[in-house]
Structure formats: structure tokens, C-alpha cells
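The sequence and structure come first.

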Amino acid sequence: MSEVATTLRPASPAEVQEAVRTYAKLLPRGGGTKTALSTPQGQTVLDLSGLSGVLEYDPGEYVFVAQAGTRLAEIQAMLAQHGQYLPFDPPLAEAGATLGGTVAAGLSGPMRQRYGGVRDFILGVRLVDGEGRLVRGGGKVVKNAAGFDLPKLMVGSLGRLGVLVEVAFKVFPFPRATATLKVEFGSLEGALEALYRLSGSPLEFYALDLEPNPRATLTLRIGGLPEALPARLARLRQFLGHPPEECLEGQAEREYWAWVNRLDWGGGYLLKVPVQPSKIAALEARLGPGMRRYLAAGNLLYLNWSDPLAKLDALLKSLGLPGLVLRGSLESPLIGVDWSQAFGARVRAALDPLGRFSP
Amino acid sequence: MRHPPVEKASFLAELSQIFPKDRRLDQAAQLSPYESDALTAFRARPLAVVLPESGEEVIRAVRLCAKHRVPFVARGSGTSLSGGSLPIPGGLVIGLNRMNRLLKLDPKERIAVVEPGFINLNVSKAAEPHGLYYAPDPSSQPVSTIGGNLAFNSGGAHCLKYGMTSNHVLGAKVVLPEGEVVELGGESLEGVGPDWLGLFVGSEGLLGIAFEITLRLLPRPERYHTVLAAYRSLEQAGEAVAAVVASGLLPGAMEIMDSLAIEAAEAAVQAGYPKGARALLIVELEGETPEVEAEARELARVIEASGAYEVRLAQSAEERLKIWKGRKAAFSAVGRLSPDYIVQDGVVPRGKLGQALFEIERLSEAYGLRVANVFHAGDGNLHPLVLYDGKRPGELERAEALAGEILRLCIRLGGSITGEHGVGMEKRQYLGEMFGEDDLEAMRRIRRALDPDELSNRGKMFPGADAPALKLHGAHPLERAGVISRE
């Protein structure tokens, strides 16, 4: 990009409305940690870091409301003071990712295994639609079925349906004790077989991750009351047939998971690929070496890719998978199978009739 | 919005080319069972009812409706408590009960694909041999269908920990109101691009009909620990819930019943609840055995300190089921205490439960009507049951007014007018009190973008001008003309 894009930094929802009414093409940006989604291609950038701060938080309600530009790290620190956490475990918090950017990109991390992803914990939104109206959807109680579920609609919307200005989330108590077991397998097949057995068992995991390279490894995180943890680890080892493993606890464990959620795997493209365990073997047969990690028992792949993107696009298409580029490209971030259809086109036209948020 | 009149004869003639006589009902006697759902205060006479046996037939029915601009509503078992599946007067009812096949059960991938008429409880029954179950458990689950659960985002007693229907539907094949067919979601827990499926689930039948639904199954918990605690006051039970939450435990369910609800449940199913209780609290832990055992000890300390005068632990699966049987039967059981009742469904922040119950008691006295309370205390979801006698002049109207005041109370306390029953017919005018005009207008624009003629479940969810539809208060012109009636 040779031209310098205009950047606006609104300080209130009203200023966001004003900007939307004024500029023909806008790209909302939070922390800018997912450069493939937040680098302008001629649009005016709407930098939402000025819309920051927690508006409501009552630990007894398991709910908080915050402005969309609030950084995840700030939220995590606030929740931790009350023994709570974001159960969908969003990545890139340390790098400065915001609540709004996380919702718009639709990103969850390893601990989504236990209770669900960002879509399962978002309760309410306020957004500015493509005509500058301030629209509220959902609520700020943990259970609500009134009106269309606009909060879920905004998950993964990439800023193309409206500009998020406020979000409400459900949170949970963090387990009082956790432990992580890293188990190596002789083959991908062996690791996948164990993944199936574990995820279909009544054993409960805060994370159930598969790393195919350099050696197929399952990383299992359990949590709960400290007095039950030794017995549960013993049962888990027995369930797995006492394979060689490494057990992480305390500071080392926390640092390990912080490293995972940095998704800091060097150069190349960083992608999110929604997947199912049944497709992993076929995918692995064609992906070759490189850093990647399957989260949530084989449902969510974060992938580092160094070859041309077109090659990965074709590969994903052949397996019927979509993909989202988070870093490394300024082309369209959506690759693999096309996710657009009549339903989406009509909803988009309803919320952004002038196409202000379309690239 | 004004809607053009329907050319009945040509519509019915074309309908008969799709549906044979035994699956196409248009005589008064055939239609009457379809005139209302579980919100029996409302009745409406449809033009016809069809009973498709395949997705293809659902699509053809919707396309025919679009061609003739005939409004339609999909109906499962008709258990909606908000009047969500009430027929549109003169419209088509698409009854989905015959579409009750399990299309696929993949225990390894932990998914089930069902037709919309498949019964909720049957999903768990089919999954049980594989150690799996389907988590959402509305009290209606032995009868209600997955299609209806999806349309209204049904909840249940175990929502705090694992969410509502929306959190357990992975994908759906949908026919949109103008007849296009789309696939929303898929088989993965994750997706890219806007969560279209998330918008569709809970859209109350206004955005189309799902004819094939992919559900996520969970491993059955290894151990349940179910505690029943009896209190001398509702406040004590409410404080116990707050204490459990403060302890950091995350029970699968926390339920409270008040004395009137207890009386009803006892009369109906002889649950054997402690005598003389002003409030009962049910707390259920679930999970891995060593963890549940440790949590049970912690829970015992919390409950002991909460002032319960009797505490029972379910010692067997049978005892657990008995505790739940009384709770789940409470709605229908209230029918033994009163000839008529309204089941209300509102949500308040958990910390305001005590205030909400106090206000409800005050309203109950002011209106001279008894209110029984059953609620999902863990998520602040109230189910006040307003008892009345429809044969006494004015009592239905008073009951409706009281129920409406309770909803306004929920809004005032920062909650919602529905936690799990949906807005449907019953709460249309309150949606406009919970949301502003710009909020509703955005939702209307989405609806009209998908359904310009407002055919799909016309008259539901949105307040006001979406008519023709029933009015809650006073006789509707159609009612006076004998087209629709309410009991």
C-alpha cells in the first residue's frame, strides 16, 4: 500500500455513528493484532481503542459489560482478581487484542474445550450499523431469548455487518487448581485414536489439543478442586495406558499456555481453520511440516503457512473447509470454501445497505 | 404492513398436488386440534394444515406459500408456551411431527442429524448406548421437537453451565421464506464469517424453516450429586444460591420452588418433598467422580451454613429422578390447584432474585391472584405461574395484566422478558419495552430482507403493526366474527 490511509479515533458511540455517516468505506480496528483483518485497502480506518473501559462487572452475576475497544488483558486482570476468567480463552491478549476485535474475528483459544467458544459466551452487543444507527441486541443477563440473536451474528462478522461499540459477556470461575499433561504418540493415527477416546469419555478437559509436528502430541489440561487433582491425573494416566508424558503445573504450566495463546510462530501466514476430527488425517497428509495446533478436540486449527496462499486455498477447498487469514496477507482473508450464501447476502444488505463495511 | 388477500381456491388446489388427502387437512373438525398450542388462551383457525414427510415437501409447501403469499407457521408438538406456533388466521400450518427420523448418529464425531419433528428426549435415548447425551433439557423434552426447540432457543434446568439450544446446534438446512434453500453452520464447533446459524436459532420461525438439523452430543457425566434442601423462607433459599455462586462451584443446575409450587408437585407426582417447606432448593453437581466427590463436600459446607432445616442427598439414580420429576412436573401440576394458569418466563440478574420475588408477592396481593414460583435460580430465570379462573369474569384479563407487570419488573431490574420460552404471541408488546425503536427496526430489516411479505410466522415476536394477529386485550375483529377465539 503506497497511500496513507486516514485513521479516525472516535471516543464515544456517537462519534462512531458520525464517522459511519460521513465516510463511504470504513474498516473498524481494535488492537490491530490480526493484521490481515485490520490493514486498510483504501478504506478509512476506524480505530476503536478510544472506546475502552469496563462499564459493569458484578462477580456474583458472572457477567461484565465493556466498551468494545477494551483490551482483553485488562479484562483478564480484572476477572482474575475475583477468581474468574473468559472461558473461551481468546488468543493474542498479550499482543493487545481487544474484545471487539476478538468477537469480529470469532477467535477462541484452547480452553474453549471445556465450556465453549466466544459465540457461547457473548450475551449482548451494541453496534453501529451501516446507516449510522446505534443498535442493541441481546442483554446482560446469563439467559435471554428475546429478539433476534444479534450478539451471535456479530461473532466472525469481520466488521462487515456493523461496528461493535459495546459487548456483554458471561464468565465463569477459574478452576482452583490445574495441571497439564503432554503425551507423545508414535504416530498421528495413535494420537487421533486417543483424541477420540478421550473426547468421548466422561473425563473433562479444559484443553484437549493435538500438535502433529514434529511428533504427534496431545496436550491435556484438567482443572478443579486441588484435592481431587491427584486422583484425576492418576485416572487419566491409566486411561491412556501410562505412555511417556510430561506433567506441567504451577508457573511452568501457566507460562506454557500463555505461549500457546500468543500464536507466535514466526513468519508466514497465520490462519484459523474450523475443522472436524474426521478431516484431520486427510489434512495432515497434505500439509507437510510447519507449526500448527488443533484445539478443542480437533475442532479448531491454528496454522502457520509459508507457501503461497493459493496452494492452501486449493487444499482447503478440496477438503470442503473454509479458512480465515489472520496475519501475513492483505488479500481477502477468507479462503477455502466460499461461506457466502443467500441468507448471508440478505442479512448483510439489511444491516449495511450502502456497503460501507464491505471491502 | 398491509397484506393482499389470498386466492384460496387456487392455493388449495395446488396444495392438493403436493400433499395427498390424508396429509392435507382443511375441514373444520380436522383443523381444531391445531388451533392453539400450549398457550391455550389463544386460538386461531388456519386455512389448512399439511403434514410433510420429507424436506422436499417442506420446501414445496413454502414455495407454494411464497407464490400465493399465504402466511405459514411450522409446528412441532405445539408445546410453545408463548404462542409461538399459534396458526396465522387463514394461513397454512406446516406440521412437522411426521418428520421424526434420526438421519445420522455418529458417536465418534459426537453428532446427531435429525429431522425437525424428532423429539428432544429421543436424541439422548439414541445417544445413550454410546455414553452420550443431548444437553438442552426443557421440561417439555418428552414431547417437544428439536425443530421447535431450535426456533425458540429452548432452555432447561441445566443452562448455566452448558447453555441453551443455540449452544448445541451445529448446523441446519433451511428453506427461507421465499423458497431458497441454504445450509447454515456445519459439523465443526467453529466457523469463519458471521455466525448466520447463531442468528437463525431462536428467530421464532420468522426467518424460515429448518428441515434438517445437526446437533452436538456430549459425553454423559460420570457422576451426579443431587442435593435437595428445604428452607423456612424463600429469602434463605435465594441466599443459599448466592453462597454457592460465591464459593466458586459451578453446579449443573440450581432450582428453587416455592410453597405453592411444592404443594402442586406433591399433589401431582408425590415427590415426597420435605413437609412444611416454604422453599426448596435443588442443586446438582455433575462430572468426574473424584471431582464431584470433592465438590460435594464443599457444597455440603455451603448448604449447612445456609440455614436449611432439612437436606437430602439423592442416594441412587431413582432418587435423583424423583427429585427432578417433581420439579419438571411443577408446571402442569399447578393445574391441580387452579382451573387455569399462565406460565410466565422472565429473567433478572441473579443478585436481584430476592427483590423480584418480593415484588411478585406484592403484585400477587394487589391483583388478588395466587402466584406460584418455580425458577432456574442459577441463571435468574423466573417462572411465575399466575393462577386464575377463566370462568370468573375479568379474571383472565387480570391474570394477563399481572403477568405483564412481572415482565416489566424484569426489564426494570435489568433482565429480560424471556429466558427460554420466546416472545411468540404472548409477549409481543413487551419486546418494545425491552428494546428501543432502532433495535427493533434493525431486527425488522433483517426479517424483511429474508421475508419481504412477512409470510413466515407472521404476527409473532414483533410488537404492533405486524398484524393480522390476535390482540391480547379485548376481542379482536376476527374473534367477534368467529374466525378465532380464546379460552
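In this predicted model, α1(B) and α3(B) run roughly antiparallel to each other, because an angle over 145 degrees counts as such and theirs is about 165°. Chains A and B are in contact through 70 residues of chain A and 76 residues of chain B.

**Helix pair α1(B) and α3(B)**

- Helix α1 of chain B covers residues 8-18 and helix α3 of chain B covers residues 55-68; their axes lie 11 Å apart.
- The crossing of these two helices, α1(B) and α3(B), is right-handed.
- From α1(B), the contact uses Phe11(B), Glu14(B), Leu15(B) and Ile18(B).
- These meet Glu57(B), Arg60(B), Ala61(B), Leu64(B) and His68(B) of α3(B).
- By class, the residues of this contact are five nonpolar, one polar and three charged.
- An α-helix has 3.6 residues a turn, so residues three or four places apart point the same way.

**Helix α3(B) by itself**

- The 14 residues of α3(B) should span 20 Å at 1.5 Å a residue, and the end C-alpha atoms are 20 Å apart, so the two values agree.
- Buried residues of α3(B) include Arg60(B), Ala61(B) and Leu64(B), and these three also take part in the contact with α1(B).
- Gly55(B), Val58(B), Ile59(B), Val62(B), Cys65(B) and Ala66(B) are also among the buried residues of α3(B).
- Arg69(B) follows α3(B) and has a positive phi, near 55°.

**Helix pair α13(B) and α14(B)**

- Helix α13 (residues 353-367) and helix α14 (residues 395-412) of chain B pack at about 160°, with axes 10 Å apart.
- The crossing of α13(B) and α14(B) is right-handed.
- Ala356(B), Glu359(B), Ile360(B), Leu363(B) and Tyr367(B) are the residues that α13(B) brings to the contact.
- Their partners in α14(B) are Arg398(B), Leu402(B), Glu405(B), Ile406(B) and Leu409(B).
- This contact of α13(B) with α14(B) has seven nonpolar, no polar and three charged residues.

- On the side of chain A that touches chain B, the elements supplying at least two residues each include the helices α6 (118-121), α7 (150-154), α9 (229-240) and α13 (342-351).
- Strands β8 (134-138), β10 (172-173), β15 (269-274) and β18 (322-327) of chain A also supply at least two residues each.
- The largest share, eight residues, comes from α13(A).
- Sorted by class, this side of chain A has 33 nonpolar, 20 polar and 17 charged residues.

How values were computed
Residues numbered from 1 in each chain as written. Chains lettered and ligands numbered in written order. Predicted model: local features only at pLDDT ≥ 70, side-chain atom pairs only at ≥ 80, totals over all residues. Axes fitted to C-alpha atoms, helices over the stretch in contact; angles between N-to-C directions. Helix = DSSP H or I, 4+ residues; strand = E, 2+ residues; numbered from the N terminus. Parallel < 35°, antiparallel > 145°, perpendicular 65-115°, else oblique. Left-handed = near helix turned anticlockwise from the far one by under 90°. Contact = placed C-beta atoms within 7 Å. Nonpolar A, V, L, I, M, F, W, Y, C, P; charged D, E, K, R; others polar. Expected span 1.5 Å × (residues − 1). Buried ≥ 20, exposed ≤ 12 C-beta atoms within 10 Å, placed from the backbone.
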